[in-house]
Amino acid sequence: MTAPLAADRTAPGLAAVLGPHLHRVLAACHPHTGRLTRVQACTDGNVSHVFRVHGEAGNVIVKVRGRRFAHIAHIATDPALIALEHRALTLHHGLLPDLFPNALAFLPEAHAMVMTDVFPDGRTWREHLDQRDATGEECTRLGTALGRIHRATAALPPLRDGDGDDIFRAEHAYGYCLRACGHRALDQACRRLEALPGRQLILGDPCPKNLSLAAGHTAFVDLDNVHHGAPLFDTGYLLAHLVLHHAARPARLRPLAAAFLDAYASTLPGPVWPWRGDALLATVAAGVLLYRLEARTVPYPPTAPPASAERLRRTLRGLLDAGPFTVPGLLDAASGPVTA
């Protein structure tokens, strides 16, 4: 390089994150970017530091894991765990290269990997949903893609040796998420998920900030929550975020949710999945919604005005208190009028 890289002023410095490994990581970027021109911090990730490295020939993504979560500094972590995410990404890209980034380089001593940039417009689906409704075509494409992923990964073994995957599932998928709000119905839902047949690799965190649906393509990123679990968890997780991002504009929520779930159901083998009557799916989605609205361990920026969010929070508590409910019941409740 003949000149220092330009960096966004708000970015945590790539040099500060990588320390003595900076030049090796930039050298791994160079074959894919050409002469490097700029480093841009990507701020959506909570666990790892993520940067978009621009060059004259193209962009790549650099992901670095530290000893603490990037945006939840009070949570300590093992930076070597990025090796599990690299393994998950390699497996998923190998099976479905159109849906996942390609790991271009892995530098375990730097706890870093270089990946293809799968965001053609540089924006996550979350950033689009902050400005507009989802479209039916997007939801259909998303449901089809999630179904393809679950079918492709059904026969894969756990990522972690021994009981490590069981511990991860209990602490992260359930502890940080469904059990975070302390409701008995959600604790029961965790036990029911554990009892479901067909446990397999699932994404664990398929939310709009980890998705690109731009330019007619679909891509999933941030695979650090991949674990052995019930596919229904992923489906409920995505459904919850679809509801969350339309809490203040609910008019099209029912057809959007139906487009997503019908498309997902169409990928499943056997009889048609009657998702409208699946009380466990509805409860999981409600639990993930409460996690986003109430839990403070893992931050999620607001998606609706306070009045809409508070009405939805009270409604969810009421549904869980009253007993079993269906997906249409959840959608009806979430689509109600905003009250003071």
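Among contacts in the protein chain between residues at least 6 apart in sequence, what percentage join residues at least 24 apart?

Modeller: The model is a predicted one. In the protein chain, 70% of the contacts between residues at least 6 apart in sequence join residues at least 24 apart. The secondary structure of this chain comprises 12 helices and 10 strands. Its C-alpha trace spans about 65 × 45 × 40 Å along the principal axes. The radius of gyration is 20 Å, which agrees with the value near 20 Å that a compact globule of 340 residues would have. Of these 340 residues, 54% count as buried. The accessible surface amounts to about 14400 Å², and carbon and sulfur atoms account for 57% of that surface.

Turning to the requested part, the largest pocket holds about 630 Å³ of space. Its lining is made up of 38 residues, and those closest to the centre are Val47, Phe69, Phe168, His172 and Asn225. Four helices each supply at least two lining residues: α3 (82-95), α6 (164-178), α8 (231-244) and α10 (279-294). Among the contributors to this lining, α6 gives the most, with 7 residues. By residue class, the lining divides into 20 nonpolar, 8 polar and 10 charged residues.

Valine 53 is found in strand β3, which covers residues 49-55. Because its relative accessible area is 0%, valine 53 is buried. Leaving aside residues up to four places away in sequence, valine 53 touches Leu14, Cys29, Thr33, Leu36, Arg38, Val39, Gly58, Asn59, Val60 and Val62. One of these partners is Arg38; valine 53 and arginine 38 are 15 residues apart along the chain, and their C-alpha atoms are separated by 6.1 Å.

The second residue is serine 212, which lies in strand β8, residues 211-212. Its relative accessibility is 2%, under the 20% limit, so serine 212 counts as buried. With residues up to four places away in sequence again left out, serine 212 touches Val118, Phe119, Pro120, Arg123, His217, Thr218 and Ala219.

Methods
Residues are numbered from 1 along each chain as its sequence is written. This is a predicted model: local features need pLDDT of at least 70, side-chain atom pairs count only at pLDDT 80 or more; totals for chains, interfaces and linings use all residues. Side-chain values use heavy atoms; hydrogens and water are left out. On a 1 Å grid over the protein atoms alone, a cavity is a set of points where a 1.4 Å probe fits but cannot get out, and a pocket is an open set with protein on both sides within 12 Å along at least five of seven lines; lining residues have an atom within 4 Å of a point. Grid points are joined across faces, edges and corners, and a volume is the space filled by probe spheres set on the points. Ala, Val, Leu, Ile, Met, Phe, Trp, Tyr, Cys and Pro count as nonpolar, Asp, Glu, Lys and Arg as charged, and the others, Gly among them, as polar. The radius of gyration is taken over C-alpha atoms; the globule rule is 2.2 Å times the number of residues to the power 0.38. Buried means under 20% relative accessible area, exposed over 50%, partly exposed in between (1.4 Å probe, protein chains only). Contact means heavy atoms within 4.5 Å. Accessible areas come from the Shrake-Rupley method with a 1.4 Å probe; for residues, only the protein chains shown count as cover.
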